[in-house]
Amino acid sequence: MTDCVFCKIISKNIPAQILYDDENILAFKDLNPVSPVHFLVVPKIHIADTDEINDKNKHLIAEIFKTIPLICRNLRISNGYRVVNNCGEKAGQTVPHIHFHVLGGRNFKWPPG
Ligand code: AMP
Ligand code: ZN
């Protein structure tokens with residue numbers, strides 16, 4: 001999808017501060033962090049949102065969740081972090097390429113509101 005900002009980051013057409021990069025997934029710092037640590041993890045293929053997860057692409061989501069703890073260990077936030085996925089406009093999704101926010105470096109409230 002050519003007008004997708006995250007596809008452009010993946011194809012290196014726009015810059016990002018990359019924390020992890022392999023064949024299938026990319027992690028980079030959020031442009032507008034809401035906690036001392038705030039990065040996004042995305043599959044390199046364009047999946048619009050959580051509703052689009054299926055049997056063919058579900059392994060990418062598993063890979064993302066296998067990689068998150070490794071990145072958190074590197075960033076020394078293993079003692080507490082939050083993973084957030086917004087699915088759809090009502091939930092606050094602004095970029096229609098599935099992504100998982102990882103937030104750390106502070107305490108969090110529950111419920112999030
Ligand atoms: P969401 O509201 O869940 O769709 O989250 C989208 C996130 O992408 C927001 O936290 C934005 O700050 C972030 N974002 C948008 N554009 C960029 C970009 N070019 N580089 C890094 N993060 C971005
Ligand atoms: Zn995309």
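Where is serine 35 found? I began with this residue in what is a predicted model, and I located serine 35 in the loop that runs between strand 2 (25–29) and strand 3 (37–43).

**Entry 1, serine 35.** I then looked up what surrounds the residue: leaving aside residues up to four places away in sequence, serine 35 touches Leu103, Gly104, Arg106 and Phe108.

**Entry 2, the overall fold.** I stepped back to the secondary structure and found two helices and five strands, which follow one another from the N terminus in the order α-β-β-β-α-β-β. I compared the radius of gyration, 14 Å, with the value near 13 Å that a compact globule of 113 residues would have, and the two agree. Along the principal axes, the C-alpha atoms fill a box of roughly 35 × 30 × 30 Å. Among contacts with a separation of 6 or more, I recorded that 52% come from residues 24 or more positions apart.

I placed alanine 62 in helix 2 (residues 58–74), where its relative accessibility of 48% makes it count as partly exposed. From C-alpha to C-alpha, alanine 62 lies 14 Å from valine 83, while 21 residues separate the two in sequence.

Which residues does a cis peptide bond join? I found this bond between tryptophan 110 and proline 111, with omega at about 0 degrees, and I placed proline 111 in the segment after strand 5 (100–104). I also looked at positive phi values: lysine 12, although not a glycine, has a phi of about 65 degrees, and this lysine 12 lies in the loop between helix 1 (5–10) and strand 1 (18–21). Arginine 76, likewise not a glycine, has a positive phi of about 60 degrees and is found in the loop between helix 2 and strand 4 (81–84). With a relative accessibility of 74%, arginine 76 counts as exposed.

Methods:
Residues numbered from 1 in each chain as written. Chains lettered and ligands numbered in written order. Predicted model: local features only at pLDDT ≥ 70, side-chain atom pairs only at ≥ 80, totals over all residues. Heavy atoms only, no water. Helix = DSSP H or I, 4+ residues; strand = E, 2+ residues; numbered from the N terminus. Rg over C-alpha atoms; globule rule 2.2 N^0.38 Å. Contact = heavy atoms within 4.5 Å. Buried < 20%, exposed > 50% of the residue type's maximum accessible area, 1.4 Å probe, protein only.
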